[in-house]
Amino acid sequence: MAGLKVLRTAIIIVAYCIVGNALTIVNKIVMSQFPYPNAVVLLQCVVTVGLVRFGERFIPHITGEVKELEWPLVKIWIWLTILFFTMLLSSMYALETVTVPTIVVVRNLATLVTTVFDVAFLKTKITPYEISALLTILGGAIYYGYKDINYHYVGYCWLAVNVLATSGYQVYVKRLVAMTKFNSSTMTYYNNMLCLPCLLMGAYLQHEIEHIDKILVVPPFVQFLTFISTLLGFAMSVTGFLLNHEISATSIMVVNNSNKFVLIFISEFLIAHTQTMQTATACLVVMIAASVYSYLRVKGE
């Protein structure tokens, strides 16, 4: 039984990494051809909700029961949804103007901000070595931004919002996993269903509703990738919540930091070569420091 549990966890981790990398790359390509973030994320959430309901109806032995929206639970979950919504939209807006490696490097600051939250609110202990690793991440990210030849002020502002939302999400989601005892299907349903009104409002205020028919005139390849992104969005939600059930927040951080090396390589190979010697060095420093910090946290546990 222990062997099967390890195998299940390994499969979930691999799936989470593959889906996460694919979704980032696909979203980057889609945003370059169809720059309507609210509309794209809205499509992803609608398809995710539909697939969760489809699974509950036809393969309940795999997906499990999906709990209906109930006001007492919605009141608890809505704050996570707001963070989820902010995290998704800020990432999509950032992808319009900055490169994938830039997103990866700056997102590492979420590790720093999450640790600050943990120390301030959860009284988590932190060692001098961990502080050194975090300061190295901060210094490397600042140097990367200073030397970034593709620097875009608006893109970096959206990344700052993304870092704060991601940090809050990582802290709060573990609390809700323990509090609600929801399965991954119900969590996915709540997150995406409660996002729909926010996305509709955002699409309306940004005048994206009147442009949504443009998806019909973009190249077929972009239409195909948009469709793929909706399936990847669903898979990302499910695997993410499954991972939260299987391993600790620190272990998830290790998985994310290790996976970022792969994402940068894929982006540079498939999309465009965007790194100079200086930014590549800064990127490497941030990645190594993040990996060291992850190792120290696991060792401390």
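Tyr189 is buried, and Tyr190 is buried as well. Buried here means under 20% relative accessible area, exposed means over 50%, and partly exposed is in between, with a 1.4 Å probe and protein chains only. One caution before I go on: this is a predicted model, so local features need pLDDT of at least 70, side-chain atom pairs count only at pLDDT 80 or more, and totals for chains, interfaces and linings use all residues. Residues are numbered from 1 along each chain as its sequence is written, and side-chain values use heavy atoms, with hydrogens and water left out.

Back to the rings. A pair of aromatic rings is described by the distance of the centres and the angle of the planes. The rule used here takes Phe, Tyr and Trp, the last by its six-membered ring, and asks for centres within 6.5 Å. Planes under 30 degrees apart count as stacked, over 60 as edge-to-face, and the rest as tilted. The structure holds 10 aromatic pairs.

Take Trp77 and Phe182. Their ring centres are 5.6 Å apart and the planes meet at 35°, so this pair is tilted. The two residues come from distant parts of the chain, 105 residues apart. Trp77 is in helix 4, residues 71-95. Phe182 is in the loop between helix 8 (153-180) and helix 9 (184-205). Helices are DSSP runs of H or I with at least four residues, strands are runs of E with at least two, and both are numbered from the N terminus. Trp77 and Phe182 are both buried.

Now the tyrosines again. Tyr189 and Tyr190 make an edge-to-face pair, 6.4 Å centre to centre, with 75° between the planes. Which residues make up the aromatic cluster? Trp77, Phe182, Tyr189, Tyr190 and Phe241 form one cluster.

Tyr189 also has a charge over its ring. The charged end of Arg53 sits there, 4.5 Å from the ring centre. The test is NZ of Lys or CZ of Arg within 6 Å of the ring centre and within 35 degrees of the ring normal. Arg57 does likewise over the face of Phe58, at 5.1 Å from the ring centre.

Side chains of opposite charge can pair when their charged atoms come close. A salt bridge here is a side-chain nitrogen of Lys or Arg within 4 Å of a carboxyl oxygen of Asp or Glu. How many salt bridges does the structure hold? It holds two.

Glu56 and Arg53 form one of them, at 2.6 Å, N to O. These residues are three apart in helix 2 (residues 37-58), separated by about one helical turn. Glu56 is partly exposed, at 23% relative accessible area. Arg53 is partly exposed too, at 24%.

Arg53 also bridges to Glu68, at 2.7 Å, N to O. Glu68 is partly exposed, with a relative accessible area of 45%. Through shared partners, the salt bridges join Arg53, Glu56 and Glu68 into one network.

Next, the surface. Leu200, Met201, Tyr204, Leu205 and Ile209 form a nonpolar patch, with about 540 Å² of accessible area together. Leu200 is in helix 9 and is partly exposed, at 44% relative accessible area.

Two contacts across the sequence. Leu112 lies in helix 6, residues 109-121, and is buried at 19% relative accessible area. Leu112 and Gly139 are 27 residues apart in sequence and 11 Å apart in space, C-alpha to C-alpha. Glu96 is in the loop between helix 4 and helix 5 (100-107). Glu96 and Val30 are 66 residues apart along the chain, and their C-alpha atoms are separated by 9.3 Å.

Last, the whole chain. The protein chain has 12 helices and zero strands. Its radius of gyration is 19 Å, close to the 19 Å that the globule rule gives for 301 residues, so the chain is as compact as a globular protein of that length. That radius is taken over C-alpha atoms, and the rule is 2.2 Å times the number of residues to the power 0.38. The C-alpha trace spans about 50 × 50 × 35 Å along its principal axes. Of the 301 residues, 49% count as buried.

Conventions: Patches are made of residues with over 30% relative accessible area and no salt bridge: like charges are joined within 9 Å, nonpolar side chains (Val, Leu, Ile, Met, Phe, Trp, Tyr) within 5 Å. Accessible areas come from the Shrake-Rupley method with a 1.4 Å probe; for residues, only the protein chains shown count as cover.
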